[in-house]
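The following note sets out points for a colleague reading this structure. It takes up salt bridges and a pair of helices in turn.

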Amino acid sequence: ARFIERFSRYYTPAVMAIALLVVLVPPVALGADWQTWLYRGLALLLIACPCALVLSTPAAVASALAAGTRRGLLIKGGNALERIGRVKWIAFDKTGTLTEGKPKVTDVVACHDEDQAGVLALAAAVEAGSTHPLARAVVKEAEALGLTVPAATQARAVIGAGAHAWVQGRALVMGSPAYAQRVVGLAGTHLVLVEALQLEGKTVMVLFDEEAARVLGILAVRDEPRPDAERGVERLKAMGVHPVMLTGDHERAAGAIAGGLGMEYQAALLPADKLRVIGELKAKGGVAMVGDGINDAPALALADVGVAMGGGTDVALETADAALLESRVADVARMVALSRATLANIRQNVVVALGLKAVFLLTTVLGVTGLWVAVLADTGATALVTLNALRLLRFRDSASSDRSSGSET
């Protein structure tokens, strides 16, 4: 659209100058009939009117945005729609994006003289105010067991440093094993247990008392990949786009999920590390980031296109350029396909608009076609461009067909 606006700044004055020359040169230089060449000059102006050219992009974009919205792809404007079809990399967060975001607590191990129920209750107290899927899983498990969760004060989430709160006079933290190791240290038996749980593809969290420098318990949570995640990853690779998973999880847990989906991954990343990786991928041909949480917001903003899962946090949804309302991984591939179809449609529209004008400009100057044909050609080009753009309202791709077949089955 910006290119066509720039083009029109030169195109319109140039056409008006050519039309003036058509009117003046033959009668003045060759003694031709004024009325004939005035008529041809006016017809030329009508033919050259850039209505179809100017309409070629916004009509296609409007149709594509409407088609996307009908399919749960909410795209915030033509700029994001254009960019996502050109990226070479798509980075995914793991929890709540590639996975269902409905993790379940699988293991609770009490350390020292703590008991299992007490550890789970304290962990639920620390995580009670958080909206993160892992935090909700801990709280839900405590509620399911009917545990009494103590009140927490000064609860806060620290990016890259877990959840902090004061509970029963203790400064408790729920963080990753790496963070716990840096702050209070983990015993050898703890490290062996953590490694074993991570090899099973589980996300491990450590509950510890920050002031007493004491580990209270270790919890493991597993979140299964979304049913369509593998198909969505395969579709992207078939389209020439490289999917990569970026996660704060440990290498082993991340590898278990990424290996099952057949994609590259980088693990144990802090939010600052994700920004670094996104910057590197931008330099390799452009990157879109798909995420759902507060920690993903900076990466969503830095990426060429940020895409938020519809069930994600408000911060992620507001930061992103697009949202997947039905939270399907396969919809990322559909969005790329829609973008590419839109760009192809725009190119078709430009060729039709300029091609028709070139033909009728020539025939008008030669006197083969007249004013009425010029009117019809201008109107016809506009109609053709609009009708071609409206074809995007019926956009279908193979992923959509797969989904329809699956639902019918």
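What is the relative accessible area of Arg276, and how is this residue classed?

1. The model discussed here is predicted. In it, Arg276 has a relative accessible area of 41% and is therefore classed as partly exposed, since that class lies between the cut-offs of 20% and 50%.

2. The side chain of Arg276 pairs with that of Glu280 in a salt bridge, with an N to O distance of 3.3 Å. Glu280 is likewise partly exposed, its relative accessibility being 39%. Both residues belong to helix H12 (residues 271-282); because they are four residues apart there, about one helical turn separates them. Side chains of opposite charge can pair when their charged atoms come close.

3. A further salt bridge links Arg328 to Asp331, with 3.2 Å between the closest N and O atoms. Arg328 is counted as buried at 14% relative accessibility, and Asp331 is also buried, with a relative accessible area of 0%. The cut-off that matters here is 20%, under which a residue is called buried.

4. Asp331 also forms a salt bridge with Arg334, where the closest N and O atoms are 2.2 Å apart. These two residues lie in helix H15, three residues from one another, or about one turn of the helix. Asp331 and Arg334 are both buried. Through salt bridges with shared partners, Glu326, Arg328, Asp331 and Arg334 are joined into one network.

5. How many salt bridges does the model contain by the rule applied? The count is 13, and the pairs described above are among them, including Arg276 with Glu280 and Asp331 with Arg334.

6. Helix H15 (residues 330-365) also takes part in a helix pairing: its axis and that of helix H3 (residues 51-70) come within 9 Å and cross at roughly 155°. H3 is therefore roughly antiparallel to H15, as angles over 145 degrees are assigned to that class. The crossing of the two helices is right-handed.

7. Which residues make the contact between H3 and H15? On the H3 side they are Ala52, Leu53, Ser56, Thr57, Ala60, Val61, Ala64 and Gly68. Their counterparts in H15 are Leu338, Thr342, Asn345, Ile346, Asn349, Val350, Ala353 and Leu354. Sorted by class, this contact of H3 with H15 comprises ten nonpolar and six polar residues, with no charged residues.

Terms used: Residues numbered from 1 in each chain as written. Predicted model: local features only at pLDDT ≥ 70, side-chain atom pairs only at ≥ 80, totals over all residues. Heavy atoms only, no water. Axes fitted to C-alpha atoms, helices over the stretch in contact; angles between N-to-C directions. Parallel < 35°, antiparallel > 145°, perpendicular 65-115°, else oblique. Left-handed = near helix turned anticlockwise from the far one by under 90°. Contact = heavy atoms within 4.5 Å. Nonpolar A, V, L, I, M, F, W, Y, C, P; charged D, E, K, R; others polar. Salt bridge = Lys/Arg side-chain N within 4 Å of Asp/Glu carboxyl O. Buried < 20%, exposed > 50% of the residue type's maximum accessible area, 1.4 Å probe, protein only.
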